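Me: I would like to go through this structure by questions and answers, with the cut-offs stated as each term comes up.

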Amino acid sequence: MLEGAELYFNADHGYLEGLVRGCKAGLLTQQDYINLVQCETLEDLKIHLQTTDYGNFLANQTNPLTVSIIDTEMRKKLCRELEYFRNHSLEPLSTFFTYMTCSYMIDNVILLMNGALQKKSVKEILVKCHPLGRFTEMEAVNIAETPSDLFNAILVETPLAPFFQGCMSENTLDELNIEILRNKLYKFEADRRAFIITLNSFGTELSKEDRKTLYPTCGKLYPEGLRLLAQAEDFEQMKRVADHYGVYKPLFEAVGDGSGGKTLEDVFYEREVQMNVLAFNRQFHYGVFYAYTKLKEQEMRNVVWIAECISQRHRTKINSYIPIL
């Protein structure tokens with residue numbers, strides 16, 4: 001924001017900032033998680049969630065409760081909250097909210113592209129789309145009958161068209177290249193994505209040159225760290241790259257040895273939670289809205305993890321969630 005803009009921040013955005021800070025205070029506490037992991041059934045889980053800020057979000061469900069239903073309803077609740085923020089925001093905060101939804105829109109478009117190539121029904125695909133990434137032009141992708149139609153629908157009909165230009169061509173629309181396309185479009189969360197792309201490429205047919213093209217051109221690793229990552233052939237070599245960066249060295253040291261310890265994604269999620277919690281220590285900035293959304297998503301992943309363990313009666317790892325407060 002412009003220098004001195006905080007002097008006028010409260011006039012335009014103070015109400016919403018106060019609201020989102022109140023929502024953050026309603027996140028599940030450690031005591032809530034202790035109670036959730038002691039639940040024997042999904043109905044028990046539902047009853048406890050009713051005592052939190054989730055309230056009666058499952059009250060209208062008449063079908064037998066499943067993990068999928070819980071996940072869907074939590075997403076809808078978060079979507080309603082963010083829609084309220086967005087509908088009551090002024091510029092430039094409203095534009096900031098639009099940018100926040102871009103990642104969900106990218107995931108939805110990639111999902112629609114894969115579905116169109118596999119000749120799946122529109123209804124089947126739309127159910128799987130994230131509500132935060134919905135947009136009115138989504139139908140344009142679904143009516144495409146050929147790769148040419150799909151190419152034109154994406155570049156012309158969707159709000160993400162400017163991002164896709166230069167990242168795809170009509171001749172490369174297959175499932176592998178669509179997944180590569182997803183990684184090219186993600187230019188944020190740069191360093192974490194670079195590490196995960198590198199890790200996931202080991203043992204695949206993705207060449208080092210192709211891997212290099214997927215890396216974002218920003219972040220602490222850019223450019224030298226990314227050059228070294230592009231040459232890495234295993235996890236140990238990747239870890240040696242991280243050793244040169246003080247913020248990432250302890251994260252790699254926390255990764256388990258594969259026998260039930262933490263994964264690299266786990267430690268990155270933990271680091272993300274810490275950073276998002278710290279975002280609330282300062283006032284007069286838009287970052288709290290992004291931070292709240294990410295904290296809420298982690299909370300939802302925690303609840304789904306616990307619900308899956310209860311549903312499958314596999315309680316040995318039920319405590320492997322990532323605490324927030």
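Me: Is Arg313 buried or exposed?
Reply: The model is a predicted one, in which local features need pLDDT of at least 70 and side-chain atom pairs count only at pLDDT 80 or more, whereas totals for chains, interfaces and linings use all residues. Residues are numbered from 1 along each chain as its sequence is written, and side-chain values use heavy atoms, with hydrogens and water left out. Buried means under 20% relative accessible area, exposed over 50% and partly exposed in between, with a 1.4 Å probe and protein chains only. Because its relative accessible area is 68%, Arg313 counts as exposed.

Me: Where is Arg313 found, and what is its phi?
Reply: Arg313 lies in the segment after α18, where helices (H or I, at least four residues) and strands (E, at least two) are DSSP runs numbered from the N terminus. Most residues other than glycine have a negative phi. Arg313, a residue other than glycine, instead has a positive value, near 50 degrees.

Me: What is the phi of Phe284, and which relative accessible area does this residue have?
Reply: Phe284 sits in the loop between α17 (264-278) and α18. Although Phe284 is not a glycine, its phi is positive, at about 60 degrees. The residue counts as partly exposed, because its relative accessible area is 29%.

Me: How many helices and strands does the chain have?
Reply: Of its 325 residues, 45% count as buried. Taking contact to mean heavy atoms within 4.5 Å, 60% of the contacts between residues at least 6 apart in sequence join residues at least 24 apart. As for the elements themselves, the chain has 18 helices and 0 strands.

Me: At what angle do the axes of α4 and α18 cross?
Reply: Two packed helices are described by the angle between their axes and the distance between the axes. Here the axes are lines fitted to C-alpha atoms, for helices over the stretch in contact, and angles run from 0 to 180 degrees between N-to-C directions. The axes of α4 (residues 67-87) and α18 (residues 287-311) come within 9 Å and cross at roughly 170 degrees.

Me: How many nonpolar, polar and charged residues are in the contact of α4 with α18?
Reply: The residues that α4 brings include Val67, Met74, Leu78 and Phe85, and those they meet in α18 include Phe289, Tyr292, Met300 and Val304. Ala, Val, Leu, Ile, Met, Phe, Trp, Tyr, Cys and Pro count as nonpolar, Asp, Glu, Lys and Arg as charged, and the others, Gly among them, as polar. On that basis the contact of α4 with α18 has 12 nonpolar, 2 polar and 6 charged residues.

Me: How far apart in space are Leu78 and Glu297, C-alpha to C-alpha?
Reply: Leu78, which is in α4, counts as buried because its relative accessibility is 2%. Not counting residues up to four places away in sequence, Leu78 touches Leu132, Tyr292, Thr293, Lys296, Glu297 and Met300. Leu78 and Glu297 are 219 residues apart in sequence, while their C-alpha to C-alpha separation in space is 8.5 Å.

Me: Which residues of α18 make the contact with α3?
Reply: Helix α3 (residues 42-49) packs on α18 at an angle of about 150 degrees, with the axes 9 Å apart, and the two are therefore roughly antiparallel. From α3 the contact uses Leu42, Leu45 and Leu49, and from α18 it uses Val303, Ile306, Ala307, Ile310 and Ser311.

Me: How many residues of α12 are buried?
Reply: Helix α12 (residues 190-201) reaches 16 Å from its first C-alpha to its last, close to the 16 Å expected, where the expected span is 1.5 Å times one less than the number of residues. Among its buried residues are Arg192, Phe195, Ile196 and Ile197. Helix α12 is largely enclosed by the rest of the structure, because the buried share of its residues is 10 of the 12.

Me: Which residue does a cis peptide bond join to Glu91?
Reply: Most peptide bonds are trans. The bond in question is cis, with omega about 0 degrees, and the partner of Glu91 in it is Pro92.

Conventions
Parallel < 35°, antiparallel > 145°, perpendicular 65-115°, else oblique.
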